[in-house]
Amino acid sequence: MALLRDRTSGCAWDLEQTFASVAPYTIEEAYEVADAIERGDLGELREELGDLLFQVVFHARMAEEIAAFDFNDVVETITEKMVRRHPHVFADANVSDLTEQTRAWEEVKAAERRAKGAGWLDAVATTLPALTRATKLSARAARVGFVWPTVAEILAKLAEEIGELEAEIAAGDVAKARAELGDVLFVCANIARALDIDPEDALRATNAKFVRRFSYVEATLKASGRDPAGASLAEMDRLWDEAKAAEKA
């Protein structure tokens, strides 16, 4: 990385990069790691982890150039954090089960936030995917009791929010409908939090299911020399139902 960033003999593209310009690639590489895991491809996972590590090295090198920190500082910081947050492993603390361990972990994190003067929600990164961030925000609020007590109450709130969305759609107010749709999605994130389901994972699975079923529709139409653009909605619905039934079978 030092050679790539060398001002006299380095790579012109690498030299032009900044923390901000590299950040999207860092996010992309993290998603590619997750994708390799999702597909169970360990060979590709090894490669993608290398790509992600390179992103860490890239940022660390840029920081070193301005005397902010270097790669060793990054490693030392995470090592210190892991030791601090695992006193039951690296010190003499005792935990009886996973629940107690999780509670102790959150207490350490809370102490770290207080030491920094941070608010209860400040640690939830604004750059997270919105659905993930909504789940984390609701989970953080739930830890201090600001939460719907049961899933049934959350579902009742969802029905209420859907009713408000329907009213704004009927009124033709797109701006208000946008706000109400956001409320619906936030309540859905609360359902995910309450059920301990990763909403991004759930939506990825549904996306994959949609692709599988629509691909069946497309392939079946193609076999008869047609494509979806030339088929009726009723016909595509029938083929969709065939794909759905085949999956269930």
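In the predicted model, E160 forms a salt bridge with K157 (a side-chain nitrogen of Lys or Arg within 4 Å of a carboxyl oxygen of Asp or Glu), the closest N and O atoms being 3.1 Å apart. Both residues belong to helix α8, where three positions, about one turn of the helix, separate E160 from K157; helices (H or I, at least four residues) and strands (E, at least two) are DSSP runs numbered from the N terminus. E160 counts as partly exposed because its relative accessibility is 39%, where buried means under 20% relative accessible area, exposed over 50%, and partly exposed in between (1.4 Å probe, protein chains only). The model is a prediction in which local features need pLDDT of at least 70 and side-chain atom pairs count only at pLDDT 80 or more, whereas totals for chains, interfaces and linings use all residues. Residues are numbered from 1 along each chain as its sequence is written, and side-chain values use heavy atoms, with hydrogens and water left out.

Across the whole structure, 15 salt bridges are found. One of them joins the side chains of R212 and E247, with an N to O distance of 2.9 Å, and this pair links distant parts of the chain, since R212 lies in helix α10 (residues 199-223) and E247 in helix α11 (residues 233-248), 35 residues apart. R212 is partly exposed at 46% relative accessibility, and E247 is likewise partly exposed, with a relative accessible area of 35%. Within helix α3, the side chains of E65 and R61 meet in a salt bridge of 3.5 Å, N to O, the two residues being four positions apart, about one turn of the helix. The relative accessible area of E65 is 34%, which makes this residue partly exposed, and R61, at 24% relative accessibility, also counts as partly exposed. A network of salt bridges links R61 and E65 with R5 and E64.

The chain as a whole contains 11 helices and zero strands. Its radius of gyration, taken over C-alpha atoms, is 24 Å, well over the 18 Å that the globule rule gives for 249 residues, so the chain is more spread out than a compact globule; the rule is 2.2 Å times the number of residues to the power 0.38. Along the principal axes, the C-alpha atoms fill a box of roughly 65 × 55 × 40 Å. Of the 249 residues, 23% count as buried. The accessible surface, computed by the Shrake-Rupley method with a 1.4 Å probe, comes to about 16500 Å², of which 60% belongs to carbon and sulfur atoms. Among contacts (heavy atoms within 4.5 Å) with a separation of 6 or more, 47% are made by residues 24 or more positions apart.

In soluble globular proteins, nonpolar side chains tend to be buried together. When residues up to four places away in sequence are not counted, I191 touches I154, L155 and L158.

Apart from residues up to four places away in sequence, E161 touches E180, D183, V184 and V187. In the loop between α7 (130-142) and α8 lies V147, a partly exposed residue with a relative accessible area of 32%; under the rule that leaves out residues up to four places away in sequence, V147 touches A142 and R193.

Helices α3 (42-65) and α4 (71-85) each supply at least two residues of the nonpolar patch, and α4 gives the most, with three. L53 lies in helix α3 and, at 47% relative accessibility, counts as partly exposed.
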